[in-house]
Amino acid sequence: MAESVAVIAVCGHEAAHGRALAPLVDAGVSVVPNGRALFRSITEHARRGEEAVVVPMTLGRDPELVADTARTLRAVPAAERGTVVLAEPFGTAQHLTGWLRAAAGRVPEGAALLVTAPSGDPFEDAELYRIAALVRRHGPHPFVEVAFSGGDPDLAEGVRRCRLLGARRVALLPAAFVLPDVPGPADVDRIPAGVDRIPVDRAGPLLSASALRRVLTERVTDARRRLREHGDDGIRAGLTAADNHGHSHTHPPGEGHSHSHSHGHTHEHAHSHEHGHTHEHAPGTAHRHHHPSADEADRATRSIA
């Protein structure tokens, strides 16, 4: 194993492809978008005899970033790759829920929360609605809405909805490394006559720079331990990270099928199963096999939030 270790943080739209993250990490961390920049970074560290740990900087909404990163690592010729390990992603949806709940706790209870993030694909954006619903259900704030930078609804529309619901103040709560821009005076024309124009604040960042560096260090440490103890570079698992994301696990009409499971999970009827079995999905049914609760998010993030 190489003596020197390089950390490469691979960024997608949640971190503005690196621009939002670069000022927050330690000077020795390489912050790159996926693709050619990552490919070059891997080969440069290999030439210097450095072990490289690659961390996909997603907060759980972008599993495609993990899979794409794994594909890039696999494409680097073995002779130019050196010792490379793909770490677990920076965060999961459970982490994000817990971090948002912690951040929401710092916002006055009377304010509406507008959970914001750069827009992704339709399934990423739908996931943010699910997470925001958990933040609202297990928190004291009366209104929790969602808006997207570069998406629909945008931030100005999100603020407008909060005002129409009766909010007296709006706090923009980032669910990304990117901080949202507070809608400016040019957006006031979109507010109907008679609706009060109320203060809009930015409640963020989601994580402090010190917390972000601590989580990143944990991912790197865990990845190196996995490589040392099990010989697992993480690439094979990374290739399948997006397998159940989006259309890949949706059954169109007429194409219902059965799955066999060897893990325990609970159905909506009055009992749970802890043994392997087969069950049927009706045609046209989209599903997931595990929906983490906000309480699970707390347990998952208590040590690092």
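View 1. Phenylalanine 177 is buried, at a relative accessible area of 10% (buried means under 20%, exposed over 50%, partly exposed in between, with a 1.4 Å probe and protein chains only). This is a predicted model, so to speak of local features we ask for pLDDT of at least 70, side-chain atom pairs count only at pLDDT 80 or more, and totals for chains, interfaces and linings use all residues. Residues are numbered from 1 along each chain as its sequence is written, and side-chain values use heavy atoms, with hydrogens and water left out. A search of the whole structure turns up three aromatic pairs (ring centres of Phe, Tyr or Trp, the last by its six-membered ring, within 6.5 Å; planes under 30 degrees apart are stacked, over 60 edge-to-face, the rest tilted). Phenylalanine 90 and tryptophan 99 make a tilted pair, because their ring centres are 5.8 Å apart and their planes sit at 45°. Phenylalanine 90 counts as buried at 0% relative accessibility, and tryptophan 99 does too at 1%. Phenylalanine 90 also pairs edge-to-face with phenylalanine 177, at 5.4 Å centre to centre and 70° between the planes. That pair ties together distant parts of the chain, 87 residues apart: phenylalanine 90 is in the loop between strand 4 and helix 4, phenylalanine 177 in the loop between strand 7 and strand 8. Ring pairs join Phe90, Trp99 and Phe177 into a cluster.

**View 2. The largest nonpolar core.** This core has 47 residues, and Leu21, Met57, Phe90, Leu100 and Val115 touch the most other members (a core is a set of buried Ala, Val, Leu, Ile, Met, Phe, Trp, Tyr and Cys residues joined through side-chain atoms within 4.5 Å). Among the elements giving two or more residues are strand 1, strand 3, helix 4 and strand 5 (helices are DSSP runs of H or I, at least four residues, and strands runs of E, at least two, numbered from the N terminus). Helix 7 gives the largest share, seven residues. Leaving aside neighbours within four places in sequence, leucine 21 is in contact with Ala9, Cys11, Ala15, Val31, Met57, Phe177 and Leu212 (contact means heavy atoms within 4.5 Å). A second, separate core of 15 residues includes Val32, Leu38, Val76 and Val84.

View 3. The 13 residues of helix 2 (residues 63–75) should span 18 Å at 1.5 Å a residue, and the end C-alpha atoms are 19 Å apart, which agrees (the expected span is 1.5 Å times one less than the number of residues). Its buried residues include Pro63, Leu65, Val66 and Leu73. The buried residues of helix 2 pack against several elements, including strand 1 (4–11), helix 1 (36–47) and helix 8 (235–239).

View 4. Most residues other than glycine have a negative phi, and most peptide bonds are trans. Alanine 16 has a positive phi of about 55°, and histidine 17 has a positive phi near 55°. Alanine 16 lies in the loop between strand 1 and strand 2 (30–33), and histidine 17 is in the loop between strand 1 and strand 2 as well. Alanine 16 is buried at 16% relative accessible area, while histidine 17 is partly exposed at 45%. A cis bond joins aspartate 152 to proline 153, with omega about 0°. The peptide bond from glycine 204 to proline 205 is cis, with omega near 10°.
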